[in-house]
Amino acid sequence: MLNLIIKDLLVMRKSLLFLLMYIIILPLSFIHLSGGFLPVGLFPVAVMLMNSTSNDLKNKNHVLLSSLPIRRKHIVAAKYLGALFYSLVGVVIAFVTSMVTRLAMPQTEVAWMSVGQAVMLLSLALIFSSLYLPIFYWLSDQGMQTVNIVMTIILFITLSISFQIPVYTGSVLLLLAAILLFLLSYFTAVRIFSRKDF
Amino acid sequence: MNVIEIRNLHKQYGSFSLQDVSFGVKQGFITGLIGPNGSGKSTLIKMIMNIVVPDSGEIAVFGQKMPDCEKEIKQRIAFVPDESYYYEDLTIAEMKRIIAPFYKRWSEDVFQGYLEQFELPANKKIKDLSKGMKMKFSLALALSHETDLLIMDEPTAGLDPVFRRELLDILAGLILDEQKSILFSTHITTDLDRIADYITFLNRGQIVFSEAKDNVLERYVLVKGNKELLDRDTSQLFVGIRETGVGFEGLAANRSEAASQFGAHAVLETPSLEDIMFFTVKGGGIRA
């Protein structure tokens with residue numbers, strides 16, 4: 001299973017340059033917003049997740065993966081662990097961005113990043129992944145077009161909901177809910193994926 | 001001993017279905033799965049590998065049930081799919097780095113040996129490989145971990161005649177220790193003429209026969225004669241008939257019966273596997 005996560009990272013290396021573009025340009029655009037850490041942290045997560053799933057579809061890799069000595073539920077588990085990893089990376093990116101901004105441009109009033117905000121970001125990233133992955137497995141036959149459109153819609157919904165939630169209240173509760181949703185999502189995805197034909 | 005045992009397999013795909021498929025693949029031999037395009041060969045093979053999920057039925061490999069024991073079973077299977085499903089942007093070496101760790105009995109030396117033998121440069125991107133080279137790469141990957149069963153889906157399709165023969169020689173060489181088994185699907189019957197021991201013939205989702213190649217060739221007979229010999233009763237004898245300008249050609253499934261009916265009046269020949277496939281698939285009378 002670890003092999004699969006390494007595989008996703010190896011494959012992502014090829015599109016790293018493109019990813020870096022997102023990671024650098026986005027913070028610069030959103031720095032002045034008080035809720036700015038959200039897009040800065042969430043977009044990289046979405047992009048990395050989308051990248052790893054579209055790579056699988058592009059080459060019809062599910063045929064290859066299904067032929068390897070590995071259980072289908074572990075193939076799905078690896079994707080979810082990847083999503084967890086990307087979520088953490090997103091939090092780190094948002095944190096680093098805020099530090100760099102504070103040091104480089106002290107005149108800018110950047111109010112982030114506190115622990116509460118980091119927890120909130122993590123929760124939202126997990127929620128996004130929990131919504132995205134089962135849909136990806138369900139609709140993957142229709143090709144990446146459909147999945148990407150659905151993903152973009154979900155991303156904007158997640159962002160607009162989050163701009164309305166006050167930042168400091170119920171952070172831990174949100175995280176717990178997110179983790180629960182994540183697990184539920186995993187079991188759903190395993191059920192969908194186990195019945196698929198490739 | 002059957003290395004693969006299939007019982008009452010069903011699969012419905014829209015208008016196509018595999019119905020009540022049952023057969024066994026014998027250990028230590030080469031079994032060829034033949035059938036026309038769309039007969040269900042690839043689907044059957046994918047079901048054995050649990051790439052496609054059957055609607056009902058049982059599959060057992062090495063005596064263990066699929067998909068319950070799929071992890072242990074697949075460690076011992078070398079699988080070569082009909083197309084290349086690798087990450088096109090990666091190189092051969094990188095792709096190997098992804099696949100090799102899954103197999104406990106991977107041998108790097110054997111893999112490098114095959115790369116040399118097939119003349120595959122390790123740093124070439126997969127999208128830059130020709131079709132034949134992709135097949136060679138699939139083969140190199142499949143053969144580099146110790147396996148007891150090699151399953152190949154249309155391995156010779158699209159290959160040049162030179163490599164096709166090389167491939168068949170490699171397969172024949174693998175079988176020599178009588179422990180390994182090979183199952184491959186094809187619609188190129190001449191490949192089977194060359195190396196198959198057992199033949200399983202699939203047509204429109206159903207098994208026509210599954211037996212030793214020599215048996216098949218002894219059992220079937222091609223009857224060539226004048227049209228007058230054909231009447232309603234005698235036509236029943238044939239699996240398929242083809243009317244030519246000078247008479248008719250018919251495939252009969254029972255040589256002794258055909259001999260007693262037509263022996264004196266017509267020419268009886270041993271059919272090729274291609275004849276058997278042609279007449280069975282066509283069935284009924286056809287104008288030449």
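Visitor: Which strands and helices do the buried residues of H5(B) pack against?
Guide: The buried residues of H5(B) pack against strand E6 (77-80), helix H3 (92-99), helix H4 (108-117), strand E7 (149-153) and helix H6 (161-174), which belong to chain B. Before we go on: this is a predicted model, where local features need pLDDT of at least 70 and side-chain atom pairs count only at pLDDT 80 or more, while totals for chains, interfaces and linings use all residues. Residues are numbered from 1 along each chain as its sequence is written, chains are lettered from A and ligands numbered from 1 in the order in which they are written, and side-chain values use heavy atoms, with hydrogens and water left out.

Visitor: Why is H5(B) called largely enclosed?
Guide: Buried means under 20% relative accessible area, exposed over 50%, and partly exposed in between (1.4 Å probe, protein chains only). In H5(B), 11 of the 13 residues are buried, so the rest of the structure largely encloses this helix. Among the buried ones are Met133(B), Phe137(B) and Leu141(B).

Visitor: What span is expected for helix H5 of chain B, and what does it reach?
Guide: The expected span is 1.5 Å times one less than the number of residues. With 13 residues (131-143), the helix reaches 18 Å from first C-alpha to last, close to the 18 Å expected. Helices (H or I, at least four residues) and strands (E, at least two) are DSSP runs, numbered from the N terminus.

Visitor: Why is Val281(B) called partly exposed?
Guide: Its relative accessible area is 24%, so Val281(B) falls in the partly exposed class. Val281(B) sits in helix H11 (residues 273-282) of chain B. Neighbours within four places in sequence aside, Val281(B) is in contact (heavy atoms within 4.5 Å) with Pro36(B), Phe201(B), Asn203(B) and Arg204(B).

Visitor: How many bridges join strand E1 of chain B to strand E2 of chain B?
Guide: Two strands pair if DSSP finds at least two bridges between them. Here 8 bridges join E1 (residues 2-13) to E2 (residues 16-26) in chain B, and the strands run antiparallel. E1(B) and E2(B) form a hairpin with 2 residues between them, and Gly14(B) in the turn has a positive phi of about 60°.
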